[in-house]
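Thanks for coming, everyone. Please bring the structure up on your screens, and we will walk through it together.

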Amino acid sequence: MYISTAKSEIMPTNNAKRKLAEITQNLISEKVEADDLKKSIEELKSLLEKVSGLNQEAPINSENILLPSGKAIGPKWAGMCLEDIPRTHKFIKGIHSAVQEVVEKNPKKPVTILYAGTGPYATLVLPLLSLFEPSQLQLILLEVNTVSIESLKRIIKGFDAYEYIKAIYHCDAANFIVPSEFETDILLVECMQHALVREPQVGITYNLLPQMKDEVILIPEEISLHVALIDLEKKAEYLTNDNNSKKDYYENSDSVFTLNKKEVLEKSTEFKEEGFQFPEREVSFTEEQLSNYDFIAVSTEITIFKNISLSIDESGLTAPMLLADLNHDQKVTGAKTQYVVGTEPGLVSQLIRS
C-alpha cells in the first residue's frame, strides 16, 4: 500500500535538524573516538525517540509480524538495533560512501536509495539527509509494520524531510513489485540477525535485487556464513587487549552460504520455483584442528560496502551461533549445513561425528 507524504501544517523542528547534523558529522568522521561514538549513538537514539513519539513500552510495539519469508521484528526491537554501535556506525558510513560514489559518477542526477525494512526511524539513512540536498538524494521506503509506518511519517515531518521522499510503501518487501518508474541506485536491506536466522533478509534480497538495474549497489554487499572453530582462552585474551591485537581465536571454513549480488542474480529464477532448495554443504576438520579449539559454531561475516565490514563478534549481527562444545562432545568432527527459506529461515545444521 502506497503511503502519502503530503506536507503537514505543523512546522518542522529546526533544533532536531541541527542536532541530527551534529551527530552525523561524528558518525562519518574517520577519527572518531570510541567514547564520542558511543555518545553520538546514544544521542541519535534519544533524538529519534523524541521526534517519533514512539512509546517503547506500549505492548503493540513489541509484537513481531510473522511473514512467509521470516519474522519482521516489532518496532521496539527494530528501534533498539541502533544501540549496536558498530552495526549502526558502519552501516551509516558504508551507505554514505556508496552515495558519494554514485554522486561522483553522475552529479546531475539524485541518488535513489530503496530501503527495505526501515523500522520506526529509518535509522540507517536518516543521518544522510543532513549531508545531501534533495537534488542529490531520494528515498523509497518499504516497511511492513503499521506502527513503524506511523512513526516514519512523524520522523519525516519532524526533520522536514518531505522533499527527500519519493515514496513510502506499507508492504511485505519479500513480494513487493517495484514500480517501473523508480530507478534505484542503492538497494539497502538490513532485516537480519546473526547467522541469517528468522528474519527475511534472504527472501527480501532475492525478491528486490533482480528487479533492479545491473549497476545497482547492494548493501550489505555480501553476507557469508561459515562453520568456525573457536578457542575460548584466546578469545578471552583478545577481548582483554582492547581489541588491538589480531583476531586469531577462530578459524573459518569456506563459506557454506553466501548472499551477494552475483549469487542472487544467478539463482533468482530457480529461487522462485516451487521446491527450490539451496545446496547442502559439508565441513570436516582434522583431529589437529579440533584439538586446538573449544567450540564449533556458525560465524557471520558482513561486507557492507567495499572495505567497510563487520567481522566475527564485532556486532550482534556477527556473534557466533554455537553448534557443539568440543570439550564435552569430542566425537564431533564437523557439520552438514543447508540454508532454508520460509517462515523460519536459517542455516539448518547436522553435526558429523566420528
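Let's start in a loop. D313 sits between β13 (308–310) and β14 (321–325). Helices here are DSSP runs of H or I with at least four residues, strands are runs of E with at least two, and both are numbered from the N terminus. D313 is not a glycine, yet its phi is positive, about 65°. Buried means under 20% relative accessible area, exposed means over 50%, and partly exposed is in between, with a 1.4 Å probe and protein chains only.

A word on where this comes from. The model is predicted, so local features need pLDDT of at least 70, side-chain atom pairs count only at pLDDT 80 or more, and totals for chains, interfaces and linings use all residues. Residues are numbered from 1 along each chain as its sequence is written, and side-chain values use heavy atoms, leaving out hydrogens and water.

Now the whole chain. It has nine helices and 16 strands. The radius of gyration is 21 Å, close to the 20 Å that the globule rule gives for 354 residues, so the chain is as compact as a globular protein of that length. That radius is taken over C-alpha atoms, and the rule is 2.2 Å times the number of residues to the power 0.38. The C-alpha atoms fill a box of roughly 70 × 50 × 45 Å along the principal axes. Of the 354 residues, 55% are buried. Take contacts between residues at least 6 apart in sequence: 77% of them join residues at least 24 apart. Contact means heavy atoms within 4.5 Å.

Next, the inside. A nonpolar core is a set of buried Ala, Val, Leu, Ile, Met, Phe, Trp, Tyr and Cys residues, joined through side-chain atoms within 4.5 Å. The largest one has 104 residues. Which residues touch the most other members? They are V99, I113, L137, L142 and L208. Helix α4, residues 85–105, gives this core its largest share, seven residues. Another core lies apart from it, with seven residues, including Y238, Y249, A297 and I312.

Leave aside neighbours within four places in sequence. I113 then contacts I95, V99, V125, L128, L137, Q138, L139, I140, I186 and L188.

On to the loop between β4 (111–116) and β5 (137–143), where we find A122. A122 is another residue with positive phi, about 50°, and A122 is not a glycine. A122 counts as buried, at 4% relative accessibility. T118 lies in the loop between β4 and β5 too. T118 counts as buried, at 4% relative accessibility. Beyond four places in sequence, T118 contacts T123, L141, L142, E143 and L152.

Now helix α5, residues 146–158. Its 13 residues span 19 Å from first C-alpha to last, close to the expected 18 Å at 1.5 Å a residue. The expected span is 1.5 Å times one less than the number of residues. Among its buried residues are V147, I149, L152, I155 and I156. At the start of α5, a side-chain oxygen of N145 comes within 2.9 Å of the backbone nitrogen of V147. After α5 comes D160, with a positive phi near 50°.

N207 belongs to α6, residues 201–208. N207 is buried, with a relative accessible area of 15%. Its side chain reaches the backbone oxygen of A174 at 3.5 Å. That is a polar contact: N or O atoms within 3.5 Å, where, within protein, one must be able to donate a hydrogen and the other to accept it, and residues adjacent in sequence count only if both atoms are side-chain atoms. Setting aside neighbours within four places, N207 contacts A173, A174, N175 and F176.

Two last stops. Where is P220? P220 is in the loop between β8 (217–219) and β9 (222–230). A cis peptide bond joins I219 to P220, with omega about -5°. Finally, S349 is in strand β16, residues 346–353. S349 counts as partly exposed, at 31% relative accessibility. S349 and A335 are 14 residues apart in sequence, and their C-alpha atoms are 6.4 Å apart in space.
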